[in-house]
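Dear colleague,

Please find below the structure I am handing over to you.

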Amino acid sequence: ILIATFVVVVIGGLGSVRGAFVGALLVGIVDTLARAFVPGLLKSSLTPAIADALGGGLASAAIYLLMALVLVFRPRGLLAG
C-alpha cells in the first residue's frame, strides 16, 4: 500500500492535497478498469490460466504506466503549485 500511496502523491503533485485526491481517484479508476478488462482481452489469444496470470500482472503495472504518462506531460504532477 505504501508504493500505491507514493504513486498517488507523485501523480497529484507533491504538497497538493487536491492533487492527491485527484491522483487517488485516477489510480483507483485505472486499477479497477485494468483488473476488470485486461485479463478478458488476453483470453482470446492465450490459454485462460496464462491470461489470468499475465493479466493480473499487467493490470498491476497500469498504475505505473499512468504515473509515467503524467510525469512525461506534467513533471511536477497534475495540481502542483
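**Findings**

The buried residues of α3 pack against α1 and α2. Here, helices are DSSP runs of H or I with at least four residues, strands are runs of E with at least two, and both are numbered from the N terminus. Contact means heavy atoms within 4.5 Å, and a residue is buried under 20% relative accessible area, exposed over 50% and partly exposed in between, using a 1.4 Å probe and protein chains only.

Before the details, some notes on the source. This is a predicted model, in which local features need pLDDT of at least 70 and side-chain atom pairs count only at pLDDT 80 or more, while totals for chains, interfaces and linings use all residues. Residues are numbered from 1 along each chain as its sequence is written, and side-chain values use heavy atoms, with hydrogens and water left out.

**Overall architecture**

The protein has three helices and zero strands, and reading along the sequence gives the pattern α-α-α. Its C-alpha atoms fill a box of roughly 50 × 25 × 15 Å, taken along the principal axes. Of the 81 residues in the protein, 28% are buried. Among contacts with a separation of 6 or more, 61% are accounted for by residues 24 or more positions apart. The protein exposes about 5300 Å², and carbon and sulfur atoms supply 77% of that area; accessible areas come from the Shrake-Rupley method with a 1.4 Å probe, and for residues only the protein chains shown count as cover.

**The three helices**

In α1, the residues Val7, Val8, Val10, Ile11 and Gly12 are buried. The buried residues of this helix pack against α2 and α3. Just after α1, Gly13 takes a positive phi of about 110°.

Helix α2 covers residues 17-42 and has 26 residues. From its first C-alpha to its last it reaches 37 Å, close to the 38 Å expected at 1.5 Å a residue; the expected span is 1.5 Å times one less than the number of residues. A kink of about 30° in α2 is centred on Ala34, where the bend at a residue is the angle between axes fitted to the seven residues ending there and the seven starting there. Gly19, Gly23, Val27, Ala34, Val38, Pro39 and Leu42 are buried in α2.

Helix α3 has 26 residues and reaches 36 Å from its first C-alpha to its last, close to the 38 Å expected. There is a kink of about 30° in α3, centred on Ala62. The buried residues in α3 are Ala51, Gly55, Ala59, Ala62, Ile63, Leu66, Met67 and Val70.

**The start of α2**

Ser16 lies in the loop between α1 and α2 and is buried, with a relative accessible area of 14%. Ser16 caps the N-terminal end of α2, with a side-chain oxygen 2.9 Å from the backbone nitrogen of Gly19. A polar atom of the Ser16 side chain also lies 3.3 Å from the backbone oxygen of Leu79. A polar contact is a pair of N or O atoms within 3.5 Å; within protein, one must be able to donate a hydrogen and the other to accept it, and residues adjacent in sequence count only if both atoms are side-chain atoms.

Gly19 is found in helix α2 and counts as buried because its relative accessibility is 0%. Leaving aside neighbours within four places in sequence, Gly19 is in contact with Gly12 and Leu79. The C-alpha atoms of Gly19 and Leu79 are separated by 4.9 Å, although the two are 60 residues apart along the chain.

**Salt bridges**

A search of the whole structure finds two salt bridges, each defined as a side-chain nitrogen of Lys or Arg within 4 Å of a carboxyl oxygen of Asp or Glu. In one of them, Arg35 pairs with Asp31, and the closest N and O atoms are 3.0 Å apart. Arg35 and Asp31 are four residues apart in helix α2, so about one helical turn separates them. Arg35 counts as partly exposed, at 46% relative accessibility.

Lys43 forms a salt bridge with Asp52, the closest N and O atoms being 3.4 Å apart. Lys43 is partly exposed at 42% relative accessibility, and Asp52 is partly exposed with a relative accessible area of 40%.

With kind regards
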